[in-house]
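This report sets out the architecture, the core and selected contacts of the structure shown below.

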Amino acid sequence: MGLQTSRDLLVIGQRDLETLRREKAGIAIAISVGVVLAAAFNVLPIMVSALLGVVLMVITGCLKPGELYGTVRWDIIFLLAGLIPLGIAMKESGTTEWLAENLVALGGNLPGYWLLTLFYVVTVLITEVLSNNASVVLLLPIAVEVAKSLSLNPLAFMFTVMFAASNSFMTPIGYQTNTMVYGPGGYRFLDFARVGAPLSLLMALIIPPLVIALYGLS
């Protein structure tokens with residue numbers, strides 16, 4: 001845009017320009033605040049309020065249908081859709097059962113703290129490949145069964161798995177926001193590992209003791 005406004009250069013190629021609708025700013029802010037408040041006060045689920053907000057943005061003229069379609073990150077949608085068959089394949093191939101059996105066998109030989117840390121690490125590694133929701137669905141029942149079989153507090157294991165599933169830092173495919181910044185930010189795959197691995201290690205040292213302090217282990 002800077003070149004097009006310069007009097008020293010004539011741009012003859014056609015280029016679409018994004019124009020701001022400043023007169024619609026108040027409406028857009030009001031809709032965004034309404035979406036957040038509706039979800040925060042449990043008036044509507046976040047998915048419903050967000051979709052309703054998008055519809056209102058189009059109806060009020062804050063967004064045009066063509067602009068809305070152009071902003072959809074189809075690569076992310078197809079990436080996440082491709083992870084669903086991976087989770088199904090792990091279940092159908094017996095990988096889930098194999099993982100559960102080995103964790104139960106290993107858990108009987110570990111103190112409670114190290115078993116909790118083990119579940120944290122395993123969940124983090126799985127959520128780097130699957131989505132965080134899939135890793136919780138996969139490991140949460142296993143963690144609860146292992147805790148019950150060893151007479152430990154299942155609540156501590158549940159929170160550990162949930163926290164670990166949300167800590168996806170080491171790959172660009174572990175979480176949607178990682179994928180969203182991967183391309184536009186010009187990052188490489190190993191950039192996430194360089195920053196994410198130390199951060200994941202730090203969280204693995206912090207979260208299990210905090211869970212034990214808050215919820216107890218036995």
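## Chain architecture

Along the sequence, the chain follows the pattern α-α-α-α-α-α-α-α-α-α. It contains 10 helices and zero strands, where helices (H or I, at least four residues) and strands (E, at least two) are DSSP runs numbered from the N terminus. The model is predicted: local features need pLDDT of at least 70 and side-chain atom pairs count only at pLDDT 80 or more, whereas totals for chains, interfaces and linings use all residues. Residues are numbered from 1 along each chain as its sequence is written, and side-chain values use heavy atoms, with hydrogens and water left out.

Of the 218 residues in the chain, 29% are buried; buried means under 20% relative accessible area, exposed over 50%, and partly exposed in between (1.4 Å probe, protein chains only). Among contacts (heavy atoms within 4.5 Å) with a separation of 6 or more, 63% join residues 24 or more positions apart.

## Nonpolar core

A nonpolar core is a set of buried Ala, Val, Leu, Ile, Met, Phe, Trp, Tyr and Cys residues joined through side-chain atoms within 4.5 Å. The largest one has 28 residues, and those with the most contacts inside it include Leu-103, Leu-115, Phe-119 and Phe-157. At least two residues of this core come from each of helices H5 (95-107), H6 (112-127), H7 (132-149), H8 (154-165) and H10 (189-215). H6 provides the largest share, eight residues.

Leaving aside residues up to four places away in sequence, Leu-103 touches Leu-118, Phe-119, Val-122, Leu-139 and Ile-142.

## Packing of H6 against H10

The axes of H6 and H10 come within 10 Å and cross at roughly 135°. Axes are lines fitted to C-alpha atoms, for helices over the stretch in contact, and angles run from 0 to 180 degrees between N-to-C directions. The two helices are therefore oblique to each other: angles under 35 degrees count as roughly parallel, over 145 as roughly antiparallel, 65 to 115 as roughly perpendicular and the rest as oblique.

Residues making the contact include Tyr-113, Leu-116 and Tyr-120 of H6, together with Met-203, Ile-207 and Pro-208 of H10.

## Thr-127

Thr-127 lies in helix H6 and is buried, with a relative accessible area of 0%. Its side chain reaches the backbone oxygen of Ala-165 at 3.1 Å. Not counting residues up to four places away in sequence, Thr-127 touches Asn-132, Ser-135, Ala-164, Ala-165, Asn-167, Ser-168 and Gly-174.

How values were computed. Polar contact = N/O pair within 3.5 Å; in protein donor to acceptor, adjacent residues only side chain to side chain.
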